[in-house]
Amino acid sequence: MTLPSATQFPAISFKRGVTDAVYKDHSELLWAVVEIMKSDLAKLASDGVSYIQIDAPRYSYYMDPKWREWIRTEIGTDPDAALDEAIRADNACFQAARHPGVTLGIHLCRGNNRSHWYAEGGYDAIAEKCSPLSM
């Protein structure tokens, strides 16, 4: 089973003047989605799904100078702090799915949809911070 990372939802659906009527910021929306994802992932694992993958293509945005600036200006947060929060959110989801016989995976990419290259930069800084994902 493959599911989008909880981090995808605030990044693509938070709209100022709309979403902030319910969730004060991206972070509050993220953690609401995490709670939903945790429930779904725990159910999948207990139902016997043997492989669960979270797709998290936006991790590469934390390394690309263009996207780092977008995170600062549009989301109003520090990109390094946002990456740390994304890791905590995905770890919370993975923790809910931990079950004997279940393999957990995460997909990171730079967004090569229809040959569009969305982000630049290496994964080194992400890999150093993401080691808790394998806990």
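**View 1. The largest nonpolar core.** Of its 18 residues, the ones touching the most other members are A6, V34, M37, L41, I52 and C93. A nonpolar core here is a set of buried Ala, Val, Leu, Ile, Met, Phe, Trp, Tyr and Cys residues joined through side-chain atoms within 4.5 Å; buried means under 20% relative accessible area with a 1.4 Å probe, protein chains only. Helices (H or I, at least four residues) and strands (E, at least two) are DSSP runs, numbered from the N terminus. This is a predicted model: local features need pLDDT of at least 70, side-chain atom pairs count only at pLDDT 80 or more, and totals for chains, interfaces and linings use all residues. Residues are numbered from 1 along each chain as its sequence is written, and side-chain values use heavy atoms, leaving out hydrogens and water.

**View 2. Around L41.** Leaving aside residues up to four places away in sequence, L41 touches L3, I52, I54, C93, A96 and A97 (contact: heavy atoms within 4.5 Å).

**View 3. The buried face of helix 2.** H26, L29, L30, V33, V34, M37, L41, L44 and A45 are buried. Seen down the axis, the buried residues of helix 2 fall within an arc of 140° (directions from the helix axis to the C-beta atoms), so they line one face. They pack against strand 1 (2-4), helix 1 (8-13), strand 2, helix 3 (65-75) and helix 4.

Notes. Buried means under 20% relative accessible area, exposed over 50%, partly exposed in between (1.4 Å probe, protein chains only).
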